[in-house]
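Here is a briefing on one protein chain. Please view the sequence and the structure together, then read the points below.

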Amino acid sequence: MKAPKRKTTRTTPTDHWHPAAWQAQSLLLAYPDEQFEHHLALAGRVAATLPEPVARPLLRFTEHAERTTPADLATAYVATFDHRKRCCPYLTYYAHGDTRKRGIGLLRLKQTYAAAGWQLGDDELPDHLAVVLEFAATDPATGHSLLTEHRAGLELLRLALNDDGSPWAHVLDSVSATLPALAGDDREAVMRLAAQGPPEEQVGLDPYASPVFLPDPVVGGPR
């Protein structure tokens, strides 16, 4: 793949490097299982083809992961994404919290994937960031729209990970560099989420989504 010019970082979803960037980010945001070493090597090769603002944070993460034992990395992943609500990787949570509207959001994502001929595994939730990025890599135009739709939640997750000093903050920095800069309503939405948090109506999601799409009480990334 030919490396693009540096100044084309924040452009349209049709840029040829977007799918590769989103696929690499997806792999790095999944639970670090026995395939993760291979994913790190692949992400490093992909980063060499990407614009510098997208590649640099990816390489920072891969360098950290390569210095960390698999067990320690897995422990850190669980501590970050499973036990800290402010670092929730499920994008519809930021918009809807634990309300009925979140069930609708999950169902819409499932329908969007199905319309594109894309099927989820039984153990995957449609709004996990790793899943959304993997879909974006296969359908860049629709994926870009989904990521932009959840821009406020993505930014809040990025800020939370940076505040915690998490190595996965680098991956979110890379994701952010593939999207338009925050402006206007997006900035206001981030400020509102930061100040108020997601909606808190605890009513469950069952009327709107199949149980396979409901997160366990302790959530985590695709395994």
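Ser26 is in contact (heavy atoms within 4.5 Å) with Ala130, Leu133 and Glu134, leaving aside its neighbours within four places in sequence. Ser26 is found in helix H1. Ser26 counts as buried because its relative accessibility is 4%; buried means under 20% relative accessible area, exposed over 50% and partly exposed in between, with a 1.4 Å probe and protein chains only.

This is a predicted model, in which local features need pLDDT of at least 70, side-chain atom pairs count only at pLDDT 80 or more, and totals for chains, interfaces and linings use all residues. Residues are numbered from 1 along each chain as its sequence is written, and side-chain values use heavy atoms, with hydrogens and water left out.

**Overall make-up**
- The protein chain has 11 helices and zero strands. Helices (H or I, at least four residues) and strands (E, at least two) are DSSP runs, numbered from the N terminus.
- Of the 223 residues of the protein chain, 49% count as buried.
- Among contacts in the protein chain with a separation of 6 or more, 71% join residues 24 or more positions apart.

**Helix H1**
- H1 covers residues 18-29, and its 12 residues should span 16 Å at 1.5 Å a residue; the end C-alpha atoms are 16 Å apart, which agrees. The expected span is 1.5 Å times one less than the number of residues.
- H1 is mostly covered, with 10 of its 12 residues buried.
- Among the buried residues of H1 are His18, Trp22, Gln25 and Leu29.
- The cover over the buried residues of H1 includes helix H2 (36-47), helix H3 (52-67), helix H4 (70-82), helix H7 (129-138), helix H8 (140-149) and helix H10 (168-176).

**Helix H10**
- H10 is largely enclosed by the rest of the structure, because seven of its nine residues are buried.
- The buried residues of H10 are Trp168, Ala169, Val171, Leu172, Ser174, Val175 and Ser176.
- Their cover includes H1, H3, H4, H7 and helix H9 (151-163).

**Nonpolar core**
- The largest nonpolar core has 54 residues, and Leu29, Tyr113, Leu129, Leu147 and Trp168 have the most contacts inside it. H7 gives the largest share of this core, eight residues.
- A nonpolar core is a set of buried Ala, Val, Leu, Ile, Met, Phe, Trp, Tyr and Cys residues joined through side-chain atoms within 4.5 Å.
- Leaving aside neighbours within four places in sequence, Tyr113 is in contact with Trp118, Leu120, Pro126, Val131, Val132, Phe135 and Leu146.

**Packing of H6 and H8**
- Helix H6 (residues 100-115) and H8 pack at an angle of about 165°, with their axes 11 Å apart. That makes H6 roughly antiparallel to H8.
- Angles under 35 degrees count as roughly parallel, over 145 as roughly antiparallel, 65 to 115 as roughly perpendicular and the rest as oblique. Axes are lines fitted to C-alpha atoms, for helices over the stretch in contact, and angles run from 0 to 180 degrees between N-to-C directions.
- Arg108, Leu109, Thr112 and Tyr113 of H6 make the contact with Thr142, Leu146 and Glu149 of H8.

**Arg84**
- Arg84 is found in the loop between H4 and helix H5 (91-96).
- Arg84 is partly exposed, with a relative accessible area of 35%.
- Not counting residues up to four places away in sequence, Arg84 touches Ala79 and Asp164.
- Arg84 and Ala160 are 76 residues apart in sequence and 9.7 Å apart in space, C-alpha to C-alpha.
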